[in-house]
Amino acid sequence: MARTKEFDPEAALQAALELFWRRGYEATSMADLVEHLGIGRASLYATFGSKHELYLKALERYQERLPDLLGELSQPGPVLPAVRALVRRYADEATAENQRLNGCFITNTAAELAPHDPAAARQVERNWDHLETVLHSGLVRARAQGELPESRDPLTLARMLLVLLQGLKVVGKASPDPARVRDAAEQALALLD
């Protein structure tokens with residue numbers, strides 16, 4: 001007779017996500033995971049595989065729960081107000097106390113693992129590609145609607161905004177001065193005028 005799992009894998013994955021997000025990959029040991037998740041090492045390996053596999057699953061879970069940016073930027077009507085709201089929301093989140101402690105899990109992964117971990121780098125790139133595509137599509141529509149001058153390249157602007165959004169997360173995590181993040185966001189938004 002097969003044994004049934006004595007823990008909820010979804011709850012365990014969420015707990016692992018929170019621990020990795022707070023501490024990072026390298027600073028989280030298997031012993032930390034066993035203790036934090038409250039499950040045995042054998043059960044952890046049997047359910048999620050290695051620490052690395054668990055980290056990648058946690059990163060996928062994080063990405064699944066991100067806001068629907070495509071939905072936000074594809075609403076009928078003017079696009080630029082939605083783009084501005086998105087940038088300002090990133091700035092606000094980057095300087096919020098709870099975010100300052102953890103930062104953005106994608107950005108943290110990009111800094112810690114992506115340079116030497118191809119699987120993590122693919123997930124980061126997939127996230128960034130999606131964000132860039134959503135921004136690009138919105139900005140193409142904004143230009144077609146006359147909100148953005150014809151001389152502005154939607155792809156270049158989308159890439160600049162992607163880099164800005166990720167930079168806001170990094171600076172917001174490291175700097176106690178929210179004005180630094182908010183001023184940068186507003187200056188970037190001026191390029192959309």
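Visitor: Why is N127 called buried?

Guide: N127 has a relative accessible area of 12%. Buried means under 20% relative accessible area, exposed over 50%, and partly exposed in between, with a 1.4 Å probe and protein chains only. N127 is therefore buried. The model is a predicted one, in which local features need pLDDT of at least 70, side-chain atom pairs count only at pLDDT 80 or more, and totals for chains, interfaces and linings use all residues. Residues are numbered from 1 along each chain as its sequence is written, and side-chain values use heavy atoms, with hydrogens and water left out.

Visitor: What does N127 touch, not counting residues up to four places away in sequence?

Guide: N127 touches Q63, L66 and I106, where contact means heavy atoms within 4.5 Å. N127 is found in helix α9; helices (H or I, at least four residues) and strands (E, at least two) are DSSP runs, numbered from the N terminus.

Visitor: Why are α8 and α9 called oblique to each other?

Guide: Their axes come within 9 Å and cross at roughly 135 degrees. Axes are lines fitted to C-alpha atoms, for helices over the stretch in contact, and angles run from 0 to 180 degrees between N-to-C directions. Angles under 35 degrees count as roughly parallel, over 145 as roughly antiparallel, 65 to 115 as roughly perpendicular and the rest as oblique. α8 and α9 are therefore oblique.

Visitor: Which residues meet where α8 and α9 are in contact?

Guide: From α8, I106, T109 and A110 meet A120, V124, N127 and W128 of α9. These residues divide into 5 nonpolar, 2 polar and no charged. Ala, Val, Leu, Ile, Met, Phe, Trp, Tyr, Cys and Pro count as nonpolar, Asp, Glu, Lys and Arg as charged, and the others, Gly among them, as polar.

Visitor: Why is Y45 called partly exposed?

Guide: Y45, in helix α3, has a relative accessible area of 39%, and is therefore partly exposed. Leaving aside neighbours within four places in sequence, Y45 is in contact with M30 and S50.

Visitor: What makes a set of residues a nonpolar core, and how many residues has the largest one?

Guide: A nonpolar core is a set of buried Ala, Val, Leu, Ile, Met, Phe, Trp, Tyr and Cys residues joined through side-chain atoms within 4.5 Å. The largest has 30 residues, and F20, L33, L37, L44, L54 and F105 have the most contacts inside it. Helix α1 (9-23) is among the elements that give two or more residues to this core; α1 gives the most, with 8 residues.
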